Amino acid sequence: MAEFMTPVDRETAKRISPITLAFVGDAVQSLIVRRALALSADVKPAEHQRLAAKKVSAIGQSELLERIEGYLTDEERDVFRRARNAKKPTHAKHATSAEYSRSTGIEAVIGYLYLTGEYDRVEELLNL
């Protein structure tokens with residue numbers, strides 16, 4: 001198995017900064033969204049960037065949270081809260097502070113699940 005697909009144990013993942021988990025989660029979600037767009041016959045190439053940015057933006061991720069919040073496990077909620085409440089090194093440009101905090105939380109959950117090898121769970125949450 002490729003190293004980037006080799007899971008880490010939950011305790012190791014929990015020790016990673018929530019902002020770092022969000023950094024990983026943003027990349028994972030972006031890759032999944034871009035893959036879906038690339039394979040979609042309904043999307044013109046010129047629309048890829050606009051559609052991807054809409055889904056992976058702070059506003060899009062905040063909307064994702066509204067759809068999946070009730071489906072998060074206690075462990076996922078803990079990761080979400082840690083990231084939502086963490087001091088962030090940057091600020092949202094096109095979203096409210098609350099939307100940005102929620103998006104950071106959701107990114108951290110995705111990053112945590114990816115790093116722990118819960119790939120099916122990532123896909124399940126993003127498809128809700």
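**Entry 1: the largest pocket**

I looked up which helix gives most to the lining of the largest pocket. H2 supplies the largest share, ten residues. I am working on a predicted model, where local features need pLDDT of at least 70, side-chain atom pairs count only at pLDDT 80 or more, and totals for chains, interfaces and linings use all residues. Residues are numbered from 1 along each chain as its sequence is written, and side-chain values use heavy atoms, with hydrogens and water left out.

I noted what a pocket is here: on a 1 Å grid over the protein atoms alone, an open set of points where a 1.4 Å probe fits, with protein on both sides within 12 Å along at least five of seven lines. Lining residues have an atom within 4 Å of a point. A volume is the space filled by probe spheres set on the points, and points are joined across faces, edges and corners.

The largest pocket holds about 810 Å³ of space. Its lining has 26 residues, with Val28, Gln29, Ile32, Val33 and Leu126 nearest the centre. Helices H2 (18-39), H3 (48-56), H4 (58-68) and H7 (119-127) each give two or more residues to this lining. Helices are DSSP runs (H or I, at least four residues), numbered from the N terminus.

I sorted the lining by class. The largest pocket has 16 nonpolar, three polar and seven charged lining residues. Nonpolar covers Ala, Val, Leu, Ile, Met, Phe, Trp, Tyr, Cys and Pro; charged covers Asp, Glu, Lys and Arg; the others, Gly among them, are polar.

**Entry 2: the second largest pocket**

This pocket holds about 430 Å³. I found 21 lining residues, and Ala58, Thr90, Tyr100, Ser103 and Glu107 lie nearest the centre. H2, H4 and H6 (97-115) each supply at least two of the lining residues. The classes are ten nonpolar, seven polar and four charged.

**Entry 3: helix H4**

Which residues of H4 are buried? I listed Ala58, Gly60, Gln61, Ser62, Leu64, Leu65 and Ile68. Buried means under 20% relative accessible area, exposed over 50%, and partly exposed in between (1.4 Å probe, protein chains only). The buried residues of H4 pack against H2, H3, H5 (74-85), H6 and H7.

**Entry 4: Thr116**

I found Thr116 in the loop between H6 and H7. Thr116 counts as buried because its relative accessibility is 9%. A polar atom of its side chain lies 2.9 Å from the backbone oxygen of Tyr112. The Thr116 side chain also reaches the backbone oxygen of Leu113 at 3.2 Å. Leaving aside neighbours within four places in sequence, Thr116 is in contact (heavy atoms within 4.5 Å) with Pro7, Val8, Asp9, Arg10 and Ala13.

**Entry 5: salt bridges**

How many salt bridges does the structure hold? I counted eight. Each is a side-chain nitrogen of Lys or Arg within 4 Å of a carboxyl oxygen of Asp or Glu.

Glu76 and Arg121 meet in one, at 2.8 Å, N to O. Glu76 lies in H5 and Arg121 in H7, so the pair ties together parts 45 residues apart in sequence. Glu76 is buried at 3% relative accessibility. Arg121 is buried at 14%.

Arg121 also meets Glu124 in a salt bridge, at 3.3 Å, N to O. Both lie in H7, three residues apart, about one turn of the helix. Glu124 is partly exposed, at 42%.

Lastly, I noted a network of salt bridges linking Arg10, Lys14, Glu75 and Glu118.

Definitions and conventions: A polar contact is a pair of N or O atoms within 3.5 Å; within protein, one must be able to donate a hydrogen and the other to accept it, and residues adjacent in sequence count only if both atoms are side-chain atoms.
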